[in-house]
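Me: I would like to go through this structure with you, moving from topic to topic. Please keep the answers plain.

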Amino acid sequence: MVISSVVKVSTVAMVSLAICSRCEFDGRVGCWIGNQKGKWNKLAAAAVPASTKAPKFRMSISPMASSTALAETQWSSRAKFYTEVLKDAREKFMQEISFQSKDQDISLSKALLYIAYEDEAFMTFNREMDAYSLQNERRSASLASDSLDWKCVEAMPLDGKNMSEWMAELDSIAREVEVELVPRDIGCHLVEVLDAVNVVLFKSRGFKRSSVILDSKCSYLHSVLSSGYCSAILLSVIYIEVCRRLSLTIVGSRIGKEFLIWPQTGNPEELFKVTSGHSLFGIVNGKCVNDPRSMASDINSNSLSELEIATNRDIIGIALANLMRIHWKCASRANHGLMLTSPLRSVDKSDEKFNKANPSRVPLLRPQDLRLAIMASQRLLILQPHNWALRRDHGMMLYYSREYEEAVQELSICMVFAPEEEAEVLEAFVEKLHLLRIESSWKNQGCTGRLTVT
């Protein structure tokens, strides 16, 4: 069945192309090699000499077999290529948010674009893997024929543009603001500058917050710059980046579920003056400021100075947390009400709920969205390594992905940082999970560690 083949192939891709996974593609025809250290298995590659002597006998190869071998060789090359892209994107992201550099030197736009590059490479690889599986089944589909001749992740096209072109898009918006300021006074007041930014972003460019909660496109910077529809945090990032190009510092703070931004100014009262029925602070931050149900509605010029300013790393972390939450919701959409911590609730030493409900029956989730959520949590843990709740959520996602050994490791580390009552719950779950890991290893005995993609 075509569906069965696609599911098997996608599952392999999901495991193997994760940055912290234990499997890699060995560069040969349809063969995945397990490697505990997460590096290339040189032994498998050495099994086939680089140059072989011509055989002394003739072999007749049909045209179909010849074309199949060519497609498989092409597929092997593309698989290895995308694996390197994923690694490169993750490394560049880590370099950008490195704690060895000053926070003000971190580029929000570059960090978010590297996130988009990694996720897009993973999704593109999955699409091509599905096409390859379909080709094997029907012999009618064809692999993507576009050339992968770019030599670095920054040159990879995202919606037709590379890294420098997306950065230039932000420069272009800033220039449009400068043009908007030309007819105004030469020594433009702060309010005039912000008003010009609002005109360009919200009127000329048509940026607005999306009402679709589960649309992941609203959480990737390149998609937002293309469509204009974005999440609150991405809209804030664009506003900050444009104003930075105008030598205007914009700061922000998380208030409840909202993220508010405003310029650093010694006179915050001017941001709350009502003109044309709205305050500039309200126009910049949207309807949440005027919504009595929102904590943002209580902010005024006096309380503004009391808010804790978010660092660039904090802002990137908020964007990643939103992305992780969206992909998890998409992954678990078919399991209404399922939460990451749901299995922990049924683990209680005083009852047998966990034992009666077969623990090996992990709910079936959408594999690609689940892997994207795991990738988001991996990057978030780089920023917040001591966040026990985040590590717990990461471990639970690994559990749902049936990566029991990795889940045990993450949840065990989590117990060190977690409050005592939470650690007790986790300890009981980890004990059960450890048994699952052993049971899983027994079932896999006799396997050679190699999965063949056919």
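Me: Which side chain does Glu118 meet in a salt bridge?

Reply: Glu118 meets the side chain of Arg379, at 3.0 Å from N to O. A salt bridge here is a side-chain nitrogen of Lys or Arg within 4 Å of a carboxyl oxygen of Asp or Glu. This is a predicted model, in which local features need pLDDT of at least 70 and side-chain atom pairs count only at pLDDT 80 or more, while totals for chains, interfaces and linings use all residues. Residues are numbered from 1 along each chain as its sequence is written, and side-chain values use heavy atoms, with hydrogens and water left out.

Me: Where do Glu118 and Arg379 lie?

Reply: Glu118 is in helix α4 and Arg379 in helix α14 (residues 367-383), so the pair links distant parts of the chain, 261 residues apart. Helices (H or I, at least four residues) and strands (E, at least two) are DSSP runs, numbered from the N terminus.

Me: Is Arg379 buried or exposed, and what about Glu118?

Reply: Arg379 is buried, with a relative accessible area of 0%, and Glu118 is buried at 1%. Buried means under 20% relative accessible area, exposed over 50%, and partly exposed in between (1.4 Å probe, protein chains only).

Me: Which residues are linked in a network of salt bridges with Glu118 and Arg379?

Reply: Arg90 and Asp119 belong to that network together with Glu118 and Arg379.

Me: How many salt bridges does a search of the whole structure find?

Reply: The search finds 18. Among them is the pair of Glu154 and Lys92, at 3.1 Å from N to O. That pair also links distant parts of the chain, 62 residues apart: Glu154 is in the loop between α4 (108-138) and α5 (163-181), and Lys92 is in helix α3 (residues 63-96). Lys92 is buried, with a relative accessible area of 19%.

Me: What about Arg244 and Glu241?

Reply: Their side chains meet in a salt bridge of 3.6 Å, N to O. Both residues lie in helix α8 (residues 232-245), three residues apart, about one turn of the helix. Arg244 is partly exposed at 47%, whereas Glu241 is buried at 3%.

Me: Changing topic to the strands: why is β6 largely enclosed by the rest of the structure?

Reply: Strand β6 (residues 258-263) is largely enclosed because six of its six residues are buried. Glu258, Leu260 and Trp262 cover one side and Phe259, Ile261 and Pro263 the other, and all are buried.

Me: Which strand pairs with β6, and in what sense?

Reply: Strand β5 (residues 250-255) pairs with β6 in the antiparallel sense over six bridges. Two strands pair if DSSP finds at least two bridges between them. Ile255 stands opposite Glu258 in β6. The two strands form a hairpin with two residues between them, and Gly256 in the turn has a positive phi of about 60°.
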